[in-house]
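Please keep the sequence and the structure in view while reading.

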Amino acid sequence: MSAVSELELIRHLCGADDPDERTDLRERIAEAPSLLARVDVLEAALAPPPPTPRWPLPPVGWGALALSGEARAMGGDQGHALVFEPPDGAARLVVVLWNRGAGWEVLTPTGPADGLRPEDLPQDGRGRRVIDVVLPAGRSTWAVALPCPEQGPDWAAPEPWTRFRAALFAGEVPVQVVPLSGSVQP
Amino acid sequence: MRLTWDEYLSLRRDRLAAAGASVQCLPGWSCETVAGLEAVRPGAAGWAVVCAPGQSLPRRRDRATAARHDAWLHARAEGPPAPETPELRARWARARLVALGERLSEEGHRSWTEGWREQPSEDAHAAAVLAGLGSRSWTVRAEAEALLLPPVLRSFRGVCLARRLPAAVRERAVGELREAVFYRLCLPDGAGRPGWTELAARTLETAGPVSALLGPLGEDQRRRAASCAASRGRWGETARALFGPRSRALRARALLDELDRWEVHLNTHLQLRLRARWAAGETDPDGDWRQLVQSRARARARLRALAGERAEALLEAVLALPALAARLRDAASRWAWAWAWEELARDFSFDLGRPVLAPCVQDDLIPPPWPAAWEAPLDSWLLLVLLRGRLDHLRRWAETGSTGDRDSTWGRLLAEALPAPLSAEGHGRLQDELRQSLSRRLSALRPVVVAVAQLQPGRGLKSAVLRILEESWSPWLPLPRAGFPSMQRAARALLPTLPAEEAP
């Protein structure tokens, strides 16, 4: 009689085993008190944590904005820039977010006074807009979104970013995500 | 159903009785029982589980399913070594097949197809989500996530937990997954197929884990399914066992002709796999069931890959299922489990260009039908082979690829007389065609051979033979110029062996 592995048990608890494997596994669990105790522990570990607000950004490369991360010479040092092409002539805001592994944070804008429009940014030789960034050590992920003003943050609301998140979720905001790697400090 | 020990012992006796019955198909199996079961080597424990008298066995107090009783007994039973007689070994194997047949109809089929609870409002919701995904509508995102995110996230958490990933890594992966799910479902991957087709194929499995997946297949997918089965892994052996030692292409064609009996052939495949396992002395009942489940899972995965190519047909089939929400959520758990392992291998990069299920890259091995324009050249050449007395050479060559000798007449027939169209693609296709149609063609040629055999020998023989041949001779090969007496001798010698003319 072969033992039930932890992997089999977890798969079963997730409902990810095939139906033709389930009856027997249920019986095996029922006849082994040690497995029943293990099930309780695993169920607790599988329970989802309390929900946190989402930034519904697309997976890397699957957004609809032509955005790239490029290395740039800045004096004697190497800098980085986020370079994008505004999709149309509509009035838009520039929202930049980054994720260093602990979730998305807004870099700009942080309040009603520092809103940027694409035309406020410098252009490179190909007419693309350029945002100079300082990378943290290691891997980080960056997102640039260009909401229309009515999709951008509502600074008068108790949760200013709710409107922006909803527009992102609905796929109405040109946005793109790129991974970048900064040099690791010795 | 849980049985008392006495009920279980009674079931064992019934199994043995069923194993001894003279039937083509054992209970629970849709295929004829495979031959060669006397090759199994059950061992003492395996033998005791099936055949030892009830009073000689340890006794279990708890109720349990028959399968759990089997496994319990296998872990404890001791008995004399299994008998060496082939008949008893075969009977042991048949009794094990009866036991597994009980599980096949119950766990192997009903567990997939029954017990899905209808929830009219949620089912309508699920149908709207699938239809929306089918038309790449972004408006169903909230509904799709409400329905599918919980099972998908749980499967990802499960894989992270199984691999003991730190909580921070787990939550990062799950956070990125949450945003990736809809993109994966809605947008096409690198092979051009959106993820919802994989999910829909897994949902369709709940209508009959194997047979339902055949429904959406088009002709191209059916041909590749048959080609795949004739070629891949252990299925190649099964195809040989089912359709004999013909070429792979012919076995594939035979499988294609019987593709709607896939479940039956799958059962034969399962029995052959079990026979091989038992012949290696592996008789643990849990391992037997695992073997069945895995073999069926592989067969389903191949069919899912093909069904996924037929998005519209797949969607139509899935939308017709009752209790759609329950089936879809269940399928999402299984689909996401497979996806999570793929992502784990790539550090949760969520490269949505890669499909979760590898697409089917099987070539279509089945040749197209023999062209009508090649009929006359082939029949003329066959007639020449017959009149040169080389039918046996032809048969050996068609079956094995060689005549086994260095006969110069046969060599000339093949190298010089074979019409160009028949050798343009090499000899393989011609050999396949002869394996399939030689008997029919010989029947059709019989009147010509009879006519030649019945001619008067002598000076007029050549012109008489040519008159007969010219009636249907193909311009692709020259008429014979010499050797007419020996042709007549060959025709006379052939008559008793040629098949009779088939009724039109």
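Helix H14 of chain B comprises 23 residues, 285-307, and at 1.5 Å a residue it should span 33 Å. Its end C-alpha atoms are 33 Å apart in this predicted model, which agrees with that expectation. Of the 23 residues of H14(B), 17 are buried, so the helix is largely enclosed by the rest of the structure. At the start of H14(B), a side-chain oxygen of B:Asp284 comes to within 3.1 Å of the backbone nitrogen of B:Asp286.

The second topic is the interface. Here 52 residues of chain B are in contact with 42 residues of chain A. The two chains bury about 3,900 Å² between them, and 53% of this lies on carbon and sulfur atoms. B:Arg68, B:Arg154 and B:Trp337 supply 17% of the area that chain B buries against chain A, more than any other three residues.

| Type of pair | Count |
|---|---|
| Salt bridges | 13 salt bridges |
| Polar contacts (both at pLDDT 80 or more) | 17 residue pairs |

One salt bridge joins B:Arg296 to A:Asp20, with the closest N and O atoms 3.9 Å apart. On chain B, helices H3, H4, H6, H7, H14 and H16 each supply at least two residues of the side that touches chain A. H6(B) gives the most to that side, with 10 residues. By class, the side of chain B that touches chain A has 22 nonpolar, 7 polar and 23 charged residues.

Methods: Residues numbered from 1 in each chain as written. Chains lettered and ligands numbered in written order. Predicted model: local features only at pLDDT ≥ 70, side-chain atom pairs only at ≥ 80, totals over all residues. Heavy atoms only, no water. Helix = DSSP H or I, 4+ residues; strand = E, 2+ residues; numbered from the N terminus. Expected span 1.5 Å × (residues − 1). Buried < 20%, exposed > 50% of the residue type's maximum accessible area, 1.4 Å probe, protein only. Polar contact = N/O pair within 3.5 Å; in protein donor to acceptor, adjacent residues only side chain to side chain. Contact = heavy atoms within 4.5 Å. Buried area = accessible area lost by both parts, 1.4 Å probe. Salt bridge = Lys/Arg side-chain N within 4 Å of Asp/Glu carboxyl O. Nonpolar A, V, L, I, M, F, W, Y, C, P; charged D, E, K, R; others polar.
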